[in-house]
Amino acid sequence: MSRFQDKISPLDRRSSPMDDSDDVPRPGALQHHSPRVASSSSASDASVPLGFRPVGGAHSGHHVVVQLGNVANDGKGIGEEDADMAVSGSLPFVLAFSNLTYSVRRSRKGCSLFWRSDAGEEQGRKVLLNAISGEAREGEILAVLGASGSGKSTLIDALANRIVRESLEGSITLNGEKLEGRLLKVISAYVMQDDLLYPMLTVEETLMFSAEFRLPRSLSAAKKMSRVQALIDQLGLRAAAGTIIGDEIHRGVSGGERRRVSIGIDIIHDPILLFLDEPTSGLDSTSAYMVVKVLQRIAHSGSVVIMSVHQPSSRILCLLDRLLMLSRGSTVYAGPPTGLHPFFSDFGQPIPDNENPTEFSLDLIRELEATPEGAKSLVEFNRARQALPVVYPGGGEKSFVSLEDAIGTSISRGKLVSGAEGTMTTAAAVPKHANPFWMETLVLTKRSLVNTRRMPELFVMRLGTVLVTGFILATIFWRLDHTPKGVQERLGFFAIAMSTMFYTCADALPVFIQERNIFMRETAYNAYRRSSYVLSHSLVGFPPLVLLSIAFALTTFFAVGLAGGLQGFVFFVLMVLASFWAGSGFVTFLSGVVPHVMLGYTVVVAILAYFLLFSGFFINRDRIHDYWIWFHYLSLVKYPYEAVMQNEFGRAGRCFSRGVQMFDNTPMEGLAEATKERALAAINGALRMNMTSTTCITTGPDVLRQQSITQLGKWACLSVTVAWGFFFRGLFYLTLLLGSKNKRR
């Protein structure tokens, strides 16, 4: 039995929800005045919480307005600056949004042809935001509440410019002026719901690297460190400053500390606007309270804080200044926490004493959503309650400090540490990145090296894989001889060895897939350029490739008995390194295209198998049909395979078949040696030649011609392989450029 089932519908209780409550005094920052009440000698002014507009006049025919008072929310006194601001009629930073509407194309699953319009859905499309309006002010926390699927995260994304403007209807202004996207990136920060951090960096290192990215190069290292230390104290992380972040394997900071670090890296430049998507999700009540307490301090430092939260506790509710409750994309309540009791009392569903107001409110909303009409009655009640005009102290319209003056004042107070000199109210005046390209690359490289150096097990596993593979190949193809069988065995060794280099590179696939969300978060607000990330990624990954190449070559080259001496060995090392370079570039490119590790492994293994098939080992180039020859030239394995083949067989002085050895790999191979010599003599007689058992029949260049390896020299093949590595890294950059817009459509 629902606790709301026996309640009387608020629309049936009385003609006006406010008729019986006009004379009931309530604490708050606004007062409502009615001419009817003012004319009564017994009537007294009644105040309602900030953000509420009584609707008594809507039914009674009287004109009811809302006037700004001078009492702070939750019984807190207003500071002198705020009082002066109220008296002058000017407001500090105010982010206002009006009639925000956003819908997406609905995927038709099932046979339903019609959708309920009251649930924010229409035929063919689903409305995620339905005419949402409100405002958030400097020094306050605006919390967006609602059940799962109510549109909380969508609204945060809309305000943070993470939805394509063409898809979003309505207006968003800061101090009455429309915000340009480039300016918004500089003066704001967005904290994602997930904690996206490098596990082996300490708290202090994580914040310091963030400072290196977001703070300008002109700021000295001492000042950057001072900012980091101040932020550590502000976040309450002093005790954990030297502790690594940690992951499933490495023990690190607690969940609440991790969340505060996630907030810290995005507010290192002390932004004016701070957006957070469910910052308390997954935390215990104490950790959640500590996080919101930090957000309150950030707001009081001169920021506008807007966050989504599922269901705050009573302690957290006391820290919030404004609430915006949503139900299926529509507003059901907008105002301070202190206004929940009178709001739902007027609606006909009074909140019981000693019960969490938000818990009661959200439970009621869920009950209404389960009915055929949904929460339509509550949405309309709130809409009517918000429809009355507001009278500000001193009369007149609400006025704002100009955006230019407000930003200039904030910079003078020490906010927007990464800001340009002077004001930043136009896109042209905003530096897109705080640091030059080379500085970004240096910091990215340093961060990756620090993180990977503390996880040596990853490189040890790669080195072990290469050494084991090399050992197996060396023992199987031990000391190959110079016979036709030795030629065939060399062909097999080269094909397997070169393809193994590419398959070994598949372990690079999870690297970017795991870092993708970190990269998306950091580049969303121009922490660094995508080109800087690609170059740094290549620089960090190259030294391990050199060590792996040398290890594989030392394990196999001399054990197999390959030719060329020191010069041949050096070329073999370079070719193995080029193969690693091209293979890692190819896998890195795929990691930017394929978002899932298992799917990525499937794609990598399949494509590398095709590369090996068309490399020229299984079927010679001149035997491949014309409709498949193009794939032969696209094969990454082709060029390393042909290069090491020419390194082995390119010298004319080496012989791989003498005299009767020509019968090897033929049906005559099993005949007696004397019989083979008589057959050779018969061939000499028929061809009028003088071949003996020591006569060279097949040289190294003959082997290359038999394998159709005649188009490119070994150095040309090496160059092409290296070029493939650069080409795929260029494609990786394009995938980052085109596939990381961080915006919904």
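## A quick tour of the predicted model

**Overall fold**

- Among contacts between residues at least 6 apart in sequence, 76% join residues at least 24 apart.

**Transmembrane regions in the record**

- An unreviewed UniProt entry places the feature "transmembrane region" at residues 459–480, 492–513, 534–563, 569–590, 597–619 and 712–738.
- In the model, residues 459–480 are 82% helix and 0% strand, with the end C-alpha atoms 31 Å apart.
- Residues 492–513 are 82% helix and 0% strand, and here the end C-alpha atoms lie 34 Å apart.

**A nonpolar patch on the surface**

- Five residues, Phe437, Trp438, Leu442, Leu535 and Leu539, form a nonpolar patch on the surface, and together they have about 470 Å² of accessible area.
- Two helices, α16 (437–453) and α20 (530–560), each supply at least two residues of this patch.
- Helix α16 gives the most, with three residues.
- Leu535 is found in helix α20, and it counts as partly exposed because its relative accessibility is 34%, which falls between the 20% and 50% cut-offs.
- The patch members Leu535 and Leu539 are on the list above; in general, residues three or four places apart in an α-helix point the same way, because the helix has 3.6 residues a turn.

**Helix α12, mostly covered**

- Six of the eight residues of helix α12 (residues 340–347) are buried, so the helix is mostly covered under the cut-off of 20% relative accessible area.
- The buried residues in α12 are Leu340, Pro342, Phe343, Phe344, Asp346 and Phe347.
- Just after α12 comes Gly348, which takes a positive phi of about 100 degrees.

- Thr243 sits in the loop between α8 (221–235) and α9 (255–266).
- With 30% relative accessibility, Thr243 counts as partly exposed.
- Setting aside neighbours within four places in sequence, Thr243 is in contact with Leu201, Thr202, Val203, Gly252 and Val253.
- Glu205 is 38 residues from Thr243 along the chain, and the C-alpha atoms of the two are separated by 9.6 Å.

How values were computed: Residues are numbered from 1 along each chain as its sequence is written. This is a predicted model: local features need pLDDT of at least 70, side-chain atom pairs count only at pLDDT 80 or more; totals for chains, interfaces and linings use all residues. Side-chain values use heavy atoms; hydrogens and water are left out. UniProt positions are given in the numbering used here, feature names are shortened, and annotations may be inferred rather than shown by experiment. Helices (H or I, at least four residues) and strands (E, at least two) are DSSP runs, numbered from the N terminus. Patches are made of residues with over 30% relative accessible area and no salt bridge: like charges are joined within 9 Å, nonpolar side chains (Val, Leu, Ile, Met, Phe, Trp, Tyr) within 5 Å. Accessible areas come from the Shrake-Rupley method with a 1.4 Å probe; for residues, only the protein chains shown count as cover. A salt bridge is a side-chain nitrogen of Lys or Arg within 4 Å of a carboxyl oxygen of Asp or Glu. Buried means under 20% relative accessible area, exposed over 50%, partly exposed in between (1.4 Å probe, protein chains only). Contact means heavy atoms within 4.5 Å.
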